[in-house]
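Open the structure in your viewer and keep the selection tool at hand. This tour moves from one selection to the next.

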Amino acid sequence: MSVIQKIRDKYAVVIVVVICVAIVSFLLQDAFFGRNSIMRRSTTVGKVNGEELDITQYQQMIQEAEQAARQQSPTGNLNEQVQQYAREQAWNQFVSEQIMSAQYEKLGIQVTENELVDQFSGKDPNPVVVQQFTDRKTGQFDRAALQQALSSVGQDQSGRMRNALKQMENYIIRSRMQEKYISLIKGAVYYPKWLAEAQIKDNSQFANVSYISVPYASIADSTVKVTDSELNTYINNHKATFKTEEGRRVDYISFNALPSAQDTANALKVLLEAKDELDTTGVANIENFVKRNSDIPYFDGFVSKSALMVPQKDTIAGLPVGTVFGPYFDNNLIVFAKMMDRKTLPDSVKVRHILIATANPQSGAGLPDSIAKIRIDSIEAAVKGGADFKALAAQLSDDPGSKENGGEYDVTPSSSFVPEFKDFALDGKTGEMKVVKSQFGYHLIQIMSQKNFGPAVKVAYLGKPVEASKETDSKAYAAANEFAAQNHEGKTFEKNVQEKGLNKRIADNLRPMDFVIPGIGQARELVRWAYEAKKGDVSTVFTFEDKYVVAVLTGIRAEGTATLDEVRPQVEALVKKEKKAEQLIAKLKSPATLEAAAAAVNQPQLKADNVNFSTPFIATMGFEPRVVGAIFNKAWGVGKVTAPIEGNSGVFVVKVDSFAPNGQNVDPLTMATQYEQTVKGTLDQGGQLYEVLKKLNKIEDNRAKFF
């Protein structure tokens, strides 16, 4: 007990402090790392006027955009460029919806339930509804099919119909609200009659003038000195001109793991071994041989010489049957070509056909073979007896791809029709008609025309890529790693580049969400590094497909006004032009006559005729709006010499010799109407209006933190 008592007496305060610290630590841990902690990583990829877009929602929008793109792709595959487009499309959709929703709410624009019903079931349904429920056979809107779809939503257990109709409904609501918004804006477009009358009066004259021009180029740039202070003052006075977005500049060295001479020799050795077999392989076995040994698929068909897209095509097209040519390079492949067969064929054939489909074991569609044959024979007899082929195709053909245009197709030697169909089209004669059996059924085919007969060839290609070996790849990586280890800052990076004669490349104006860098390809990791690094930092080695990259961050540009270093050449030229103008104006002073002005600067007198106030371009001067404004300034009038005018290309002194009416009789109301129609036309496109709205809204893009 004495020990416990001693602890109570001597360490009571300490124990209380420890307990308090433990409680505080527990609370802080919850605050900083708990479910609602302040240190918990944000999942917001962006905001528009405070409205957040969560990463989960954004990814779902990206998936929907990618799915739409995949459906339009012939292969169903998406490259990096299309994926990046999907990301931007999803982000722009969110931004647009937030901006426009605020506008609609502010103006009280909405789509009522009755209006939405009318868009589906009214007298004039929405074009989207009409498109989705148009009968492909008749080309007419099928209102019964629409009503059936609407009534069957309740029985749709999969939810597909419900989702499809919901998507259509949302699209119609958005488009209708946009239409109403644009209509309101259009209603505010007004060009008053008095303004049209004033503009007509301003443009009612042509001026014939005499002038002298002193080009800025007459003063050498080297004689005009500018200071950084003057350049910065100019930038601050013209901030709108030098407005910039956030960006990064990266200098980089690429160590490419390209195949060496030994790699090429090794690939050629393997290919030569296969080539011995190619020499003896006949037509019957060539397809299997190519599948086993070649990276170039075998096309079991003829290609016209004009459509042959290979190097050395004239030599290959002229090979005797059974002869092998090569090796030759085709991009990164080493190739042998073997001539399998040749014919004289037309390069274009127009045919028409009627298909009677035979039974498909998988779908169950189609007729039994015997019945299909009887039907196609009766159709052939009807055509030979004078029946309209086009009408029979529209009525009886089972080929949805051609029945609406009379069964017509254009066939070439390289087109992808079934062999039986294509062989008859190419080998038959114009006007010939025949029943042909294929995997789809029985075709009644008639050759309508054949054009441009010429040589066509069937070629087998034995091709193998030349790839960098592991040794070659290791050497490239080692060189990149050594360079990165020797350079830890921008100064040594640049010094070593120059000393070793390396080919430095520049990636300028990298935006936060860029995924691709020219010269590298997909390089999101490098872009992300550029936005996390400090100026002068040197990266570790980045691996991008067949290259290893070491980069240095050489520029950081914040959103706002460009710094002098970023725009120095441009600003220097502008400030020097201003100083040259001051020198020339001081030299000209206030000339009493044009002759005095010409003598002061030793320049000839020139003339310009038919100058009009509506056109700031003068044929003998170029784009000079200040000069045009001075010509039609009533303060100068006819015969008076203007003060020196600071123009775009030089300093001008002008004298109006005479004015003449332009002879055009323009009606003010017509002019006002044309102007209003032009403005309304730009509103229909919506792009310019939306860009203005974007500038008026607060948009925060944080996507670069997540991708």
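Two strands pair if DSSP finds at least two bridges between them. Keep that in mind for the sheets on this tour. What you have open is a predicted model.

**Stop 1: a three-stranded sheet**

Select β2, β1 and β23. These strands form an open sheet in the order β2-β1-β23, and the pairing is antiparallel. Which strands stand at the edges? They are β2 (51-54) and β23 (699-701); each has a single partner strand, so one side of each is left without a neighbour in the sheet. Neighbouring strands here are turned by 20° against each other on average, direction ignored.

Now zoom in on β1, residues 44-48. Four bridges link β1 and β2 in the antiparallel sense. Pick T44: the bridge partner of T44 in β2 is D54.

**Stop 2: N697**

Select N697. You will find N697 in the loop between α23 (687-695) and β23. Is N697 buried or exposed? N697 has a relative accessible area of 16%. Buried means under 20%, so N697 is buried.

Show the side chains of N697 and N49. They make a polar contact at 2.6 Å. Leaving aside residues up to four places away in sequence, N697 touches N49 and I99.

**Stop 3: a four-stranded sheet**

Select β18, β3, β22 and β21. This is an open sheet of four strands, ordered β18-β3-β22-β21, with antiparallel pairing. The edge strands are β18 (606-612) and β21 (645-646), and each pairs on one side only.

Two bridges join β21 to β22 (residues 650-661), and the two strands run antiparallel. Click I645: its bridge partner in β22 is F652.

Next, bring in the helices. Helix α19 lies across β3 (205-215), β21 and β22, and runs at about 65° to β22. Helix α20, residues 594-601, packs on the sheet as well and touches β3 and β22. The direction of α20 makes about 25° with that of β3.

**Stop 4: where α9 meets α19**

At what angle do α9 and α19 pack? The angle is about 95°, and the axes are 9 Å apart. That makes α9 roughly perpendicular to α19.

Show the side chains where the two helices meet:

- From α9, select D228, E230, L231, N232, Y234 and I235.
- From α19, select L564, V567, R568, V571, E572, L574, V575, E578 and K579.

Colour the selection by class. The contact of α9 with α19 has eight nonpolar, one polar and six charged residues.

**Stop 5: N126**

Finish with N126. N126 sits in the loop between α4 (113-121) and α5 (127-132). How accessible is N126? Its relative accessibility is 6%, so N126 counts as buried.

Follow the side chain of N126 to V128. The N126 side chain reaches the backbone nitrogen of V128 at 2.9 Å. Apart from residues up to four places away in sequence, N126 touches Q119 and I172.

Key
Residues numbered from 1 in each chain as written. Predicted model: local features only at pLDDT ≥ 70, side-chain atom pairs only at ≥ 80, totals over all residues. Heavy atoms only, no water. Axes fitted to C-alpha atoms, helices over the stretch in contact; angles between N-to-C directions. Parallel < 35°, antiparallel > 145°, perpendicular 65-115°, else oblique. Contact = heavy atoms within 4.5 Å. Nonpolar A, V, L, I, M, F, W, Y, C, P; charged D, E, K, R; others polar. Buried < 20%, exposed > 50% of the residue type's maximum accessible area, 1.4 Å probe, protein only. Polar contact = N/O pair within 3.5 Å; in protein donor to acceptor, adjacent residues only side chain to side chain.
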